[in-house]
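Dear colleague,

Please find below the structure that I am handing over to you. My notes on one helix follow it.

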Amino acid sequence: MDKSKRPFLKSKRFFRRRLPPIQSGDRIDYRNMSLISRFISEQGKILSRRVNRLTLKQQRLITIAIKQARILSSLPFLNNEKQFERTESTTRTTSFRPRNR
C-alpha cells in the first residue's frame, strides 16, 4: 500500500516512560516528610496531579497527608523564606483635599 493512501496513520514515536514518583514500597503518611516534601512547591502549595504524575488515589492520599502534617505543625502552612518587605514608598503619600463648592 502506498504511503499517500494512508493519510491517517501516524508514525510511531518512541518515548522514555518516566518512573512513577511513588514506589510500591513507599508509605503515604503524614510522618514521611521526605516523601511529602517532594509534592509541595517552594511557596508551600500542594502541586497538581499533572505535575506530580500521580494517580488519583495517590494524589488524594498525598493531599490528606500534607493537610494532617500541617495541622500537627510538622509542616508549615506557608513557606516564609521570602518575607514580604514593606517600604516607605508603598505607603500612601497623597493628602486628602476637600472639594471646593
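**Helix α3 and R70**

R70 lies in helix α3, where helices are DSSP runs of H or I with at least four residues, numbered from the N terminus. This is a predicted model: local features need pLDDT of at least 70, side-chain atom pairs count only at pLDDT 80 or more, and totals for chains, interfaces and linings use all residues. Residues are numbered from 1 along each chain as its sequence is written, and side-chain values use heavy atoms, with hydrogens and water left out.

R70 has a relative accessible area of 13% and is therefore buried (buried means under 20%, exposed over 50%, with a 1.4 Å probe and protein chains only). A polar atom of its side chain lies 2.5 Å from the backbone oxygen of G44. Beyond its neighbours within four places in sequence, R70 is in contact with G44, K45, I46, L75, P76 and F77 (contact means heavy atoms within 4.5 Å).

The helix itself covers residues 56-71, and its 16 residues reach 23 Å from first to last C-alpha, close to the 22 Å expected at 1.5 Å a residue (1.5 Å times one less than the number of residues). Besides R70, the buried residues of α3 are Q59, I62, T63, A65, I66 and A69. Seen down the axis of α3, the buried residues fall within an arc of 165°, so they line one face; the arc is that of the directions from the helix axis to the C-beta atoms. These buried residues pack against α1 (33-36) and α2 (49-52). On the other side of α3, K57, R60 and I71 are exposed. Just after α3, S73 takes a positive phi of about 65°.

With kind regards

Technical notes
Helix = DSSP H or I, 4+ residues; strand = E, 2+ residues; numbered from the N terminus. Polar contact = N/O pair within 3.5 Å; in protein donor to acceptor, adjacent residues only side chain to side chain.
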